[in-house]
Each structure stands twice: as structure tokens, then as C-alpha cells.
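Me: Could you go through this structure with me, starting with the ligand site and then moving on to the chain contacts?

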Amino acid sequence: MRVALFATCLGDSLFPEAVKATAILLTRLGQEVVFPPGQTCCGQMHVNTGYQADALPLVRNYAADFADESIDAVVAPSGSCVGSVRHQHGTVAEHHGTPALRERAGRAGGKTYELAEFLVDVLGVTDVGAYFPHRVTYHPTCHSLRMLRVGDKPLRLLRQVRALDLVTLPEAEQCCGFGGTFALKNSETSTAMLADKMRNITATDAEFCCAGDSSCLMHIGGGLSRLRTGVGTVHLAQILASTEQHVLAEPEVIV
Amino acid sequence: MSRAFLGLPGPPPRAPRDTGYLRGQRPFPSAAHAALEDSQQRRNLGKATGTIRDKRARMVEEVPDWERLRSAGAAIKADALARLPELLERFESAVTERGGVVHWARDAVEANEIVTRLVADRGADEVLKVKSMATQEIGLNEHLAAEGISAVETDLAELIVQLGGDRPSHILVPAIHRNRAEIRDIFLREMPGVDPDLDDDPRSLAEQARKYLRAKFMDARVAVSGANFGIADTGTLSVVESEGNGRMCLTMPETLVTVMGIEKLVPSFADLEVFLQLLPRSSTGERMNPYTSMWTGVTAGDGPREFHLVLLDNGRSATLADGVGREALRCIRCSACLNVCPVYERTGGKAYGSTYPGPIGAVLTPQLAGMHETRDDPNASLPYASSLCGACYDVCPVKIDIPSLLVELRHQHVERSRYTAEAAMMRAASLAMSSATRFTKAQRASRLGRVLGGSDGRITALPPPFAAWTSARDLPVPPRETFREWWESEQGRAAMARARREAERGEW
Ligand code: SF4
């Protein structure tokens with residue numbers, strides 16, 4: 001398959017290791033990975049903060065890059081960005097754009113997948129040959145859980161990873177408190193939520209907290225770092241791309 | 001009374017600003033600040049919501065067609081809302097035919113006046129109350145008090161709130177923020193004729209309340225209730241409860257006055273089948289609620305001799321006029337969304353400043369009462385009081401997509417606000433990211449942020465508005481190289497070539 005990588009603005013700019021891992025993993029699994037260079041951002045922050053009209057150019061840009069028929073599927077290492085593409089782009093195009101844009105946005109959104117979804121549902125693999133000799137706990141991010149219904153697919157992938165000591169996170173399905181601009185506008189409530197998430201993470205004695213979304217990891221990792229817990233964060237893609245021959249670059253931890 | 005909301009020229013009015021409880025004193029973040037520091041409340045709420053959440057999950061699990069029930073509930077409500085004017089007229093004639101008197105109240109002011117007049121005309125200076133959200137919304141108790149009429153709440157939790165001189169903090173369990181030691185103290189302090197040796201065993205507390213209320217039931221001449229459902233075809237009203245105190249109020253006094261929001265209507269009797277399955281499991285986590293009362297007009301020799309129904313608009317027509325926002329009117333007030341909400345669990349209900357707290361309150365309150373009515377209207381902060389985690393949508397028995405409604409209300413708020421620094425920032429970000437050329441320039445500029453990090457690559461302090469982030473969280477410095485730079489680099493190409501070779505050799 002010809003798979004276009006959607007790096008997401010955050011992944012491209014701040015957390016490139018997760019995107020590199022996605023590119024390498026998909027290639028290793030036999031996919032032809034391309035990176036349409038015109039891509040930027042899904043516009044989720046704009047839509048979720050109320051700036052729908054300002055999201056329009058971003059929706060247009062996404063459709064221009066990914067609707068093309070030469071692309072079989074689009075994969076992004078982010079549940080929330082994929083959620084935005086699949087569930088919000090149509091609305092933005094309908095309210096502010098043209099019918100043609102709506103059609104193109106629908107076409108691009110229809111073939112956009114979150115990484116775990118793509119691996120399990122489209123490629124039909126759970127064992128990707130990964131090796132990661134660490135104790136890890138997994139946090140299912142809200143949008144992959146409740147918007148995309150990714151379910152236990154990430155866990156099925158993690159259970160096949162060699163040498164991985166996977167430990168269950170208590171109250172895993174509780175939000176970490178990020179919520180985009182929520183973390184700024186309601187910083188104190190967000191911090192209260194983060195505190196409980198960190199308490200559950202540290203209770204597992206894991207070295208790393210893993211998730212499928214760099215934005216949530218930025219939040220959780222930011223808190224873990226501030227408290228000098230010594231617990232790092234790692235994107236699901238980084239674990240899955242790590243092999244005995246090529247232990248991937250250091251997880252993005254600031255411990 | 002006026003029935004102006006049916007076919008009024010111009011947009012229908014919102015709930016009035018100075019009557020009732022649909023607006024707090026301050027914006028959510030500052031109200032939450034105080035609530036977050038209340039350790040006792042944090043613990044009470046955490047325990048209570050956790051317990052009820054688990055109970056609900058167990059009860060829902062055992063219903064094989066739960067998802068279909070939810071869809072049915074959503075569809076029935078959506079249909080009723082779509083033809084509300086017609087159903088309301090049918091309802092009115094059915095109630096009237098059965099001996100009830102129907103009053104139309106455009107808003108809280110009118111509703112309070114109608115109820116007060118009905119009570120005063122009957123020479124009563126005390127009324128019994130059945131737990132009701134609508135009467136709280138309009139501030140009925142306070143209005144009656146100002147007219148020399150005392151209202152006695154008969155729902156145990158509501159009574160605790162009333163005696164404590166407090167505000168409710170939950171739809172179903174208004175005193176959820178109190179534990180039993182606090183309740184005992186309130187009873188000892190405030191309940192006339194209380195046993196001075198009262199302990200804090202829940203049974204003793206309930207027994208004490210029962211003794212107090214029994215005496216009230218025997219004397220009362222007028223009771224005021226809300227309604228969970230009104231049935232358009234038959235004119236029947238229904239109240240669903242756990243304690244039986246509601247039934248006492250609905251049957252013993254001579255006069256019953258019911259205040260019902262116009263959105264509580266369902267078309268036919270058979271529709272109750274769906275809601276009486278959805279509601280108890282969603283709200284208390286029970287298969288069935290202990291008491292379901294239904295009444296239609298008046299019946300000679302049985303129950304109240306007089307029945308008055310006040311149909312309340314108070315911003316509901318305005319909400320209905322919004323094609324997206326009207327979904328919130330499907331709400332059956334089960335409170336499941338409150339119990340799963342991570343924000344509500346930590347801030348409690350009072351931070352929302354409204355009769356309707358939690359996720360549903362955050363979408364219903366600004367629609368009923370408006371969010372642009374005053375400068376810095378506290379209601380404008382409510383749609384932002386959510387991380388959009390979506391837990392509320394998952395449990396809602398009538399499938400209200402609360403996260404999407406929150407986003408829509410944020411959009412409406414932005415559209416009506418003056419141009420802010422935030423708007424300028426959003427516009428700039430949109431511009432920078434609408435083309436890859438500009439985006440890569442911005443990426444290069446942001447790399448300057450590397451200087452903000454210490455020797456360990458950790459950013460610990462940023463200027464406003466990002467200071468709110470670094471108040472509790474670090475941020476890594478931007479990496480030396482963006483993904484797209486790596487992709488174009490020698491190193492990136494080599495890594496991809498190696499991955500391709502591994503694929504060919506099936507080496508993974
Ligand atoms: S919005 Fe849904 S879950 Fe929340 S109280 Fe209303 S019916 Fe219940």
C-alpha cells in the first residue's frame with residue numbers, strides 16, 4: 001500500500017521521534033511510505049477552542065495533501081488528530097467551506113487512520129517483531145478511546161512486544177487533564193486531573209508511560225518531569241519500531 | 001398567561017438575569033479554584049461519584065439491548081422536540097379534559113408569580129416540595145419566602161441542603177458534597193425537634209428526617225412538584241423517585257401544583273417504557289426505582305382535589321431555535337454525565353453556578369440563560385470547563401453529544417466576542433499553518449525556544465498565557481531537527497533505506 005504519513009504539527013515540530021518511528025515501522029512492514037510535504041496541521045486546536053473559521057485553511061490544506069487517489073491510506077501517530085480529521089473536518093467544511101471541499105475532506109478523512117487501528121484493522125498484524133526491555137504502563141488517550149474506538153488494539157500490539165513488562169494502569173480510562181487549551185484556560189482543574197493520573201502511573205512502578213498521542217504524553221510527561229518522578233514517556237510507535245537490532249533512539253523523556 | 005413562545009417574531013427570549021439560578025457570580029476557573037482547595041469535598045465527591053459510576057456500569061452491562069434503548073430514547077426525544085408546539089397543545093387539552101388547569105409561564109418571573117398566587121389564594125403559608133430541578137431553576141423557594149410562604153423540601157438530600165442554608169451541587173444527590181458527619185451536624189443545628197443524641201448512622205439520620213417530615217405531610221394543604229415526564233396523548237404526568245416522600249406530597253395535600261419544563265414532553269404512554277428502563281440504571285444504578293408516580297388531572301375521592309400545571313419556557317424556546325444546541329433539551333436529568341466527568345469530580349457542582357452543573361450544565365445553562373448577557377458573563381466560561389474527554393457522551397442515555405455541543409458553543413462564543421489577544425494568536429497560527437512554507441519558517445523560529453531550556457533540555461517557566469502550563473508542567477525544548485528536516489536528511493534517507501531492506505528480507 002502507498003501510505004502517506006501525517007506527522008501532525010506537534011509531532012513534526014516537537015516530537016519527531018514518534019513520527020520517525022511510525023515511518024520506519026510502516027516501511028519495515030512492507031508499506032510504501034510517503035510524506036506529502038505540503039502538510040501542516042489538522043486544525044484541532046482551532047476547532048476545539050471555538051475558532052472554526054480559522055480552521056478552514058487547515059482543513060483545506062489537509063484535503064489538498066491527502067485526498068489524492070494515489071494515496072491508499074493516511075496514517076498519523078495521534079488519536080486526537082485523527083479524531084479531528086475524521087469527525088471535525090466535515091463540520092468545518094460544511095459550515096465555512098464549499099460542497100467540493102466537503103467532498104474532498106470526506107475522502108481524505110475516510111482513509112485516515114490512527115497507527116494502532118491501521119496496524120490491526122488494515123494490515124491485520126499484532127506482532128510487529130518489536131523488542132523493548134522495559135517496564136511500561138499504557139494510558140489510553142480519550143480521543144482514541146472514545147472518538148475512534150481504538151479499544152484494546154494498542155494493548156494487543158504491546159502484548160506481543162518481546163521483553164516488555166506491561167503493567168496495567170489503574171483508572172486508565174480517566175482523562176489526563178490535557179484537553180488542549182483546557183490545560184491553559186482551566187489550568188488548576190487540569191493539574192488536579194494530572195495529579196491523579198501521575199499517582200496512578202507511579203503506583204505501577206513503570207519506567208515509562210506509553211500512549212498513542214504525543215499531545216497527551218507532553219502533558220503527562222511534563223508533570224512527571226516537574227516532580228522528578230524519574231518516569232519517562234514513550235509513544236506507542238517508538239516501542240513498536242524498536243527491535244533487538246535497532247533499539248530506537250531514546251524515548252522522548254525529560255526525567 | 002402568554003403563550004408567546006409559540007410563533008414569536010424575532011428570537012425567543014433567554015431566561016431572565018435576576019430571577020432563578022442559571023448564572024453564577026464568577027467564571028468557572030475562579031469558582032473552581034476555591035472548590036479544588038476544599039479537601040473534604042474533594043474526598044466526598046471522589047468517593048461518591050466513584051461508587052455510583054461503578055454501580056451504573058454494572059447495571060448497564062446486564063442489559064443486552066442497552067445501545068438500542070439509548071437510540072430509542074434519543075429518537076423519541078428528538079421527535080418530540082421537532083414537533084413540540086403541536087404536542088404541547090395536545091397535552092394542554094388532555095390535562096384540561098381531565099380536570100387539571102394549565103398555566104403557561106414564559107419565564108421564571110411568570111412561573112414564580114403563578115405558583116405564589118395559587119398558594120396564597122388557598123390561604124396556605126407553607127408548601128411541601130417534591131424534589132424538582134425546574135423549581136430550583138426559577139428560584140421558587142426564595143420567591144415564596146419573600147411572600148411569607150415557607151417551602152419545605154421533602155427529598156432527604158434536598159432537605160439537607162435546605163437546612164444547611166447551602167446550594168445543591170448535583171442533579172440527583174444535591175448533598176453529594178456532604179458526608180454523614182456533616183449531615184448530623186446540620187440536623188442538630190437546624191432541624192426543629194431534633195433528638196439531641198442523634199448519631200451519624202445513615203439509618204438514624206433517615207429516621208430523624210422521617211419523623212420531621214411525617215408531621216409536615218399530615219398538615220400540608222399545598223404541594224409543589226416538578227415532573228420527569230409529561231405524556232402528550234393522555235395528559236399524564238410522572239415523577240420518578242427513591243424515597244416515597246414525593247408520593248406523599250403528590251397524594252396527601254388538597255392542591256397539587258406541578259412546574260414542568262416544556263421539554264419534558266414525550267408523545268405517548270408507550271414511550272415511557274423506554275425511559276423507565278434508561279433512567280434508573282443511568283441515575284442511581286438501580287434496575288428500577290422504588291417509586292414511579294403517575295397522575296392524570298384529578299380523580300374524585302382520590303388524591304388532590306385540585307391540580308395545576310405550570311408549563312415553563314425560561315429559555316427553552318431559545319434553545320430549541322438553535323439547530324445544534326437543541327440536542328441538550330433531550331436531557332432526562334439522570335446525572336450520569338456528572339458522575340463520570342473528571343472535571344465535575346474535582347470541582348463539584350457549585351463551581352458551575354447553575355442549577356444544572358456538570359457536562360450537561362455546561363451546555364444547557366449558557367443556552368437557557370445566554371452567555372453574552374453581561375460583560376464577562378460567567379456563563380461564557382462554562383463551555384470551556386471541559387477537557388472534551390467524551391466520557392459524558394458515552395454514558396448519556398439519550399445520546400447527547402455533549403463534547404460536540406461544547407465545541408459548538410465555544411464557536412458561538414468566539415463569533416460574538418470582541419477581538420481578543422487569543423483570537424489574534426489563533427489567526428496567526430492559522431495563517432502560519434495554512435502553508436508548509438510558512439509553517440517551516442515558524443518551526444525554525446520556534447527552535448530559538450531551545451535557549452529557554454536549561455542544560456537538561458527542560459523548559460520550566462514561560463510567559464503568559466503559557467505560564468499556566470509551566471505552573472505545573474515542564475516542556476521539552478524544541479528538538480534540533482524537525483521530522484521533515486530528518487526526512488530530507490542523509491540520516492533520514494539512510495534509516496528509511498534500512499527499513500526497506502529489512503522489509504525485503506522479512507527481517508523483523
Ligand atoms: S445529559 Fe444525558 S447523561 Fe447528562 S443528565 Fe442529561 S440525560 Fe443524563
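**Ligand shell and interface**

Reply: The shell around the ligand is made up of 10 nonpolar residues, 1 polar and 1 charged, where Ala, Val, Leu, Ile, Met, Phe, Trp, Tyr, Cys and Pro count as nonpolar, Asp, Glu, Lys and Arg as charged, and the others, Gly among them, as polar. This is a predicted model, in which local features need pLDDT of at least 70 and side-chain atom pairs count only at pLDDT 80 or more, while totals for chains, interfaces and linings use all residues. Residues are numbered from 1 along each chain as its sequence is written, chains are lettered from A and ligands numbered from 1 in the order in which they are written, and side-chain values use heavy atoms, with hydrogens and water left out.

Me: Which residues are around the ligand?

Reply: Among them are B:Cys331, B:Arg333, B:Cys334, B:Ser335, B:Cys337 and B:Cys396, each with a heavy atom within 4 Å of the ligand.

Me: Switching topic, how many residues of chain B are in contact with chain A?

Reply: On chain B there are 70, in contact with 74 residues of chain A, where contact means heavy atoms within 4.5 Å.

Me: And which salt bridges are there across it?

Reply: The rule finds 8 between chain B and chain A, taking a side-chain nitrogen of Lys or Arg within 4 Å of a carboxyl oxygen of Asp or Glu; A:Asp196 and B:Arg346 also meet in a salt bridge, at 2.7 Å from N to O.
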